[in-house]
Amino acid sequence: MKKQVYLECAICACRASGFYKNKVDELLCGQDGQVTVKKQRPVNLDLTTISMPATAKASILHRVTGVALFFALTFVIWAWSESLSSPEGFELVKGLFNGFVAKFIAWGTLSVLAYHLIVGIRHLIQDMGHWEELESGNSSANIAIALSVIVAILAGVWIWS
Amino acid sequence: MVLNQATLKRDGVQDYVSLRTTALIIAAYAVFIVGYLLLTPELTFEAWQGLFSNLAVKAATLVTLVCIMVHTTIGLWQVLTDYVKCSTLRSVLGFVLNLMALAYVAIGLFVLWGV
């Protein structure tokens, strides 16, 4: 059944009337006075049911590694400051690197840095208009992730050997 | 325009450019430090202190820390505005994280001062 409703525009709050069959979320009116109807669209925010392409994985990992790096800096700056404070401080930090915890933090920081850097470079290349198509976008994301895994393995070899 | 420059308010274009220019500087510094550690298998206190007593290295370190502060201010703001819907919590988190980034710069300044 059609019924006449009066609705407010979401942007300028002017009122418009019209006949609408379905529930209307929002009315948007352009500067020419024409009113367009924004239909209710299905929204799925359940990440466990969304299949994420490589580009999405690369993107979310770039954010996660960025936040992780910010907190890793606390350890890095502490170790840096302690190692420069005195010969004793230097030996203390050097001694810590015989243990697993310091080694793991260092490896984690290096791996996360490598990932953030590699995907960051990919991002800069995309800014210049490359790898924006479905295929090249996905393959460059996959290559960036694979490269970071290789660098993470190399970093592990460096730290534990 | 003058008014715009006189305030601390940022805009999208400014964020876009700042994020990328600071990223390049941080990347260059990270490659330099990791490269130095890779090429120095037996690092001694004297060599380590000698590196950071060099004025150019001091300047590069401080510049990088300031770049990290700018980069994280923009990056963490992007993450916070996307995932933290409560504006009070978002403001508090943003404040604390920006304070941390400023503290990193302050600590860096005093460490470099003492070397």
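Reader: Which pattern does chain A follow, read along the sequence?

Author: Chain A follows β-β-β-β-α-α-α-α, that is, four helices and four strands. Helices (H or I, at least four residues) and strands (E, at least two) are DSSP runs, numbered from the N terminus. The model is predicted: local features need pLDDT of at least 70 and side-chain atom pairs pLDDT 80 or more, while totals for chains, interfaces and linings use all residues. Residues are numbered from 1 along each chain as its sequence is written, chains are lettered from A and ligands numbered from 1 in the order in which they are written, and side-chain values use heavy atoms, without hydrogens and water.

Reader: Where is Ser148(A), and is the residue buried or exposed?

Author: Ser148(A) lies in helix H4 (residues 134-160) of chain A. Ser148(A) counts as buried because its relative accessible area is 6%.

Reader: What does Ser148(A) contact, neighbours within four places in sequence left aside?

Author: Contact means heavy atoms within 4.5 Å. With those neighbours left aside, Ser148(A) is in contact with Tyr115(A) and Ile118(A). Its side chain also reaches the backbone oxygen of Ala144(A), at 2.6 Å. A polar contact is a pair of N or O atoms within 3.5 Å; within protein, one must be able to donate a hydrogen and the other to accept it, and residues adjacent in sequence count only if both atoms are side-chain atoms.

Reader: What describes a pair of aromatic rings?

Author: The distance of the centres and the angle of the planes describe such a pair. Rings of Phe, Tyr and Trp (its six-membered ring) pair if their centres lie within 6.5 Å; planes under 30 degrees apart are stacked, over 60 edge-to-face, and the rest tilted. The count is eleven aromatic pairs over all chains. One of them is Phe70(A) with Phe71(A), edge-to-face at 5.5 Å centre to centre and 80 degrees between the planes. Phe70(A) is buried, at 1% relative accessibility, whereas Phe71(A) is partly exposed, at 38%.

Reader: Which pair crosses between chains, and from which helix to which?

Author: Trp80(A) and Phe52(B) form an edge-to-face pair, 5.6 Å centre to centre with 70 degrees between the planes. The pair runs from helix H1 (residues 54-85) of chain A to helix H3 (residues 45-53) of chain B.

Key
Buried means under 20% relative accessible area, exposed over 50%, partly exposed in between (1.4 Å probe, protein chains only).
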